[in-house]
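Please read these notes with the model open beside them. They are written for someone new to reading structures.

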Amino acid sequence: MSPSPESARDSSRDSARVAGAVSRLRSAGERVTPARYAVLRVVDAADLADEHLTAEQIGARVADVEPTVHRATVYRTLTSLVETGVLSHVHLGGAATVYHLTEAPAGHDHDAARHARLVHHAHVQCHTCGRVLDVPPHTFDAVAAQLREQLGFVLDTGHAALLGTCRECADGGIAHT
């Protein structure tokens, strides 16, 4: 039988980020259901492993750790956690969406600074192999400033990945020509 969110939260398997997310949900008056807890743990583990999981992949992993949670519940949970600001999502090429835990407000999660690189980053995706790479958000500062100055356009680098060609594919393409 799977542990309840209350007992499992004290487990050594949980990171400070999951505990912070649970605390933020409770502070917002939200319930912490087994589905929400399982989704948080799966997304946190993926973030720590530099993985970018889609809703389908999260659903499969949740089924492994919390078999009683239906796949449709996982999808509703992802939507709810994004709406409450605990998760963020990034659109990739090919209509895929991946999820990350968001950082707690300053002073809320004492471990937030240590994990900031996991949640405050932009994404680029290779249109050849599909690989997704994390890049520091300041990478796009000059472009964002130019767009704002010239067009009045405010660039959101955290919501969608920019497409291009990764080094391995570019090198492979050069080697084969």
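The numbered points below go from the whole chain to single residues.

1. Basis of the notes. This is a predicted model, in which local features need pLDDT of at least 70 and side-chain atom pairs count only at pLDDT 80 or more, while totals for chains, interfaces and linings use all residues. Residues are numbered from 1 along each chain as its sequence is written, and side-chain values use heavy atoms, with hydrogens and water left out.

2. Elements. The protein chain has eight helices and five strands. Helices (H or I, at least four residues) and strands (E, at least two) are DSSP runs, numbered from the N terminus. In order from that end, the elements are α-α-α-α-α-β-β-α-β-β-α-β-α.

3. Burial and surface. Of the 177 residues in the protein chain, 37% are buried. Buried means under 20% relative accessible area, exposed means over 50%, and partly exposed lies in between (1.4 Å probe, protein chains only). The accessible surface of the protein chain is about 10,000 Å², with 55% of it belonging to carbon and sulfur atoms. These areas come from the Shrake-Rupley method with a 1.4 Å probe; for residues, only the protein chains shown count as cover.

4. Contacts along the chain. A contact means heavy atoms within 4.5 Å. Among contacts between residues at least 6 apart in sequence, 54% join residues at least 24 apart.

5. Helices 3 and 4. Helix 3 (residues 34-48) packs on helix 4 (residues 55-65) at an angle of about 115°, and their axes are 9 Å apart. Axes are lines fitted to C-alpha atoms, for helices over the stretch in contact, and angles run from 0 to 180 degrees between N-to-C directions. Helix 3 contributes A38, V39, V42, V43 and A46 to the contact, and helix 4 contributes I58, R61, V62 and V65. By class, these are eight nonpolar, no polar and one charged residues. Ala, Val, Leu, Ile, Met, Phe, Trp, Tyr, Cys and Pro count as nonpolar, Asp, Glu, Lys and Arg as charged, and the others, Gly among them, as polar.

6. Strands 1 and 2. Strand 1 (residues 87-91) runs antiparallel to strand 2, and five bridges join them. Two strands pair if DSSP finds at least two bridges between them. V90 has V98 of strand 2 as its bridge partner. Five of the five residues of strand 2 are buried, so this strand is largely enclosed by the rest of the structure. T97, Y99 and L101 are on one side, V98 and H100 on the other, and both faces are covered. In a regular strand, side chains alternate between the two faces of the sheet.

7. E103 lies in the loop between strand 2 (97-101) and helix 6 (112-119). E103 counts as partly exposed because its relative accessibility is 27%. R17 is 86 residues from E103 in sequence, yet the two are 7.9 Å apart in space, C-alpha to C-alpha.

8. Three strands form an open sheet in the order 4-3-5, with mixed pairing. Strand 4 (132-135) and strand 5 (162-164) stand at the edges with a single partner strand each, so one side of each has no neighbour in the sheet. Strand 3 (residues 122-126) pairs with strand 4 in the antiparallel sense over four bridges. A122 is opposite V135 in strand 4.

9. Leaving out residues up to four places away in sequence, Q125 touches several residues, including L92, R131, V132 and L163.
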